[in-house]
Amino acid sequence: MPLWVHALACAFGLGSWVAVNGLWVELPLIVTVLPEGWDLPSYLTVIIQLANLGPLLVTLAHRLCPGRVRETPVVSGVLALGVLSCVLLAALWRRTSWVLGQERSTAFFVLTFFLALVDCTSSVTFLPFMMQLPAKYVTSYFIGEGLSGFVPGLVALAQGVGMARCVNVSQSSANGSAPEFTTQTEYLAPNFSTEVFFGFLALMTAVSLAAFTALNRVPRTYQLSTENLVPPENDSVPSVCSGVDAKGSGGAEERGQSRPLLAKARSASQLAFIYGMVVWVNSATNGLLPSVQTYSCMPYGNLAYHLSAALASVANPVACVIAMFRPKRSLVFLGVLCFLGSAFGGYNMAMAAMSPCPLLQGTALGEAIIVMSWVLFTGLLSYVKVMVGVILRDESHSALVWCGAAAQAGSLLGSVTMFPLVNVYRFFQAGDVCSTICPS
């Protein structure tokens, strides 16, 4: 198939998480307007997890009515809902109402739920749809999924989200003595409005919908049966099967894209290990660590925070590209990468727990380490995520459905774990590089 099919698969994957990722990177501007302030991220986490109702219903439908759920109308519907929600969000996100005596951002919450419903449902519908295309295009889809975090991050950087400077502010004394000077953080005005940013998210979702419509016109490929219908004692047919297997195997090895045809299915223990990695990787990348990124990076300064966010977003699609040209299906190798990525994630979590005075604060070395740690954490686990998806793509259609379900279960587990630690027990403390004074 031509290169444009790769581009369509990438554009289709772009719509998978672009809305939710866009909301996260735009939060520094949103919290200055909405009444919830910096408590808004905790509400956002809960709303996103409530939106797992979508993938739950799709998974149950596949379980109760196998073979009767078609991805095409579901994907078209959720992407159209995403475009509509982004447009309404651009117009209504500032609207508030009074609930139980408190002012709440009801319009923002409701529309965020529908955007999260779109993105969460994509985990159990987009990948199974990609089953209809050759395995090499699954990697292109994952590149697009990685870009769904990178592109909004780039636009947010161009917008100037969260850019700040330290200024001296004088405070007059009540007893008439000389004024006192304190250092405070002053956030700079953005280059364009939040409404324009939400309009950009609507455009990206519309591009994904158009790419999906075009992919429906691509000729389908069908998988050969792996069932051996002839006993191995027969000497005539095995030679033919061996020739077909060798030909298919050689072509796949030359392309480096898919496993040999008629390959032996993986054991139950191997599948359990694969799904365990899916749950853990998504729990770490979508639940545990995003909740504390500001706590781990902000004590090092705004530059460290923005570099870690932007470069980590770059690491995701770069890892997908590496997976396309250097795929490694060894479960041992993927397990080692998962362990290394988790180790970097552990360092990030430790620095967040030590906030507002983490290790090497105020030094260039500390800033470089925290940025590289976030980049390697994201890149290594993104590679694992892609290769696990490619492996399960070769198993069956239902394997990809359960892969999406396991991914959402891991994300839910990570978010539920972190919510009470951050918002109830206040285990993490915010750090302000302008005003925080740490013991030497």
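Modeller: Keep in mind that this model is predicted. Start with a pair of helices. The axes of helix 10 (residues 268-288) and helix 13 come within 11 Å and cross at roughly 25°.

Colleague: Which way do helix 10 and helix 13 run, roughly parallel or roughly antiparallel?

Modeller: Go by the angle. Under 35 degrees counts as roughly parallel. Helix 10 is therefore roughly parallel to helix 13. The crossing of helix 10 past helix 13 is left-handed.

Colleague: Which residues of helix 10 and helix 13 meet?

Modeller: From helix 10 come Gln 270, Phe 273, Ile 274, Met 277, Trp 280, Val 281 and Leu 288. Their partners in helix 13 are Leu 331, Leu 334, Gly 335, Cys 338, Ser 342 and Met 349. Sorted by class, this contact has 10 nonpolar, three polar and no charged residues.

Colleague: What does helix 13 do with helix 14?

Modeller: Helix 13 (residues 331-354) and helix 14 (residues 364-393) have axes that come within 8 Å, crossing at roughly 145°. This crossing is left-handed. The contact of helix 13 with helix 14 holds 20 nonpolar and five polar residues, with no charged ones.

Colleague: Now helix 7 and helix 12. At what angle do they pack?

Modeller: About 165°, with the axes 8 Å apart. Helix 7 covers residues 136-159, and helix 12 covers residues 302-325. Over 145 degrees counts as roughly antiparallel. So helix 7 and helix 12 are roughly antiparallel to each other. Helix 7 also passes helix 12 in a left-handed crossing.

Colleague: Which residues make the contact between helix 7 and helix 12?

Modeller: On helix 7, they include Phe 142, Ile 143, Gly 146, Leu 147 and Phe 150. On helix 12, Ala 310, Val 314, Pro 317, Cys 320 and Val 321 are among them. By class, the contact of helix 7 with helix 12 counts 12 nonpolar, seven polar and one charged residues.

Colleague: On to single residues. Where is Ser 415?

Modeller: Ser 415 sits in helix 15 (residues 397-424).

Colleague: What is Ser 415 in contact with, leaving aside its neighbours within four places in sequence?

Modeller: Ser 415 contacts Thr 45, Gln 49, Asn 286 and Gly 287.

Colleague: What separates the C-alpha atoms of Cys 434 and Asn 302?

Modeller: The separation is 9.9 Å, although the two residues are 132 residues apart along the chain.

Colleague: Let's end with the whole protein. How many helices and strands are there?

Modeller: The protein has 15 helices and four strands. Of its 440 residues, 47% count as buried.

Colleague: What share of the contacts with a separation of 6 or more comes from residues 24 or more positions apart?

Modeller: That share is 82%.

Colleague: And what about the accessible surface?

Modeller: The protein's accessible surface comes to about 20800 Å². Carbon and sulfur atoms account for 66% of that surface.

Methods
Residues are numbered from 1 along each chain as its sequence is written. This is a predicted model: local features need pLDDT of at least 70, side-chain atom pairs count only at pLDDT 80 or more; totals for chains, interfaces and linings use all residues. Side-chain values use heavy atoms; hydrogens and water are left out. Helices (H or I, at least four residues) and strands (E, at least two) are DSSP runs, numbered from the N terminus. Contact means heavy atoms within 4.5 Å. Buried means under 20% relative accessible area, exposed over 50%, partly exposed in between (1.4 Å probe, protein chains only). Accessible areas come from the Shrake-Rupley method with a 1.4 Å probe; for residues, only the protein chains shown count as cover. Axes are lines fitted to C-alpha atoms, for helices over the stretch in contact, and angles run from 0 to 180 degrees between N-to-C directions. Angles under 35 degrees count as roughly parallel, over 145 as roughly antiparallel, 65 to 115 as roughly perpendicular and the rest as oblique. A crossing is left-handed if the near helix is turned anticlockwise from the far one by less than a right angle, and right-handed if clockwise. Ala, Val, Leu, Ile, Met, Phe, Trp, Tyr, Cys and Pro count as nonpolar, Asp, Glu, Lys and Arg as charged, and the others, Gly among them, as polar.
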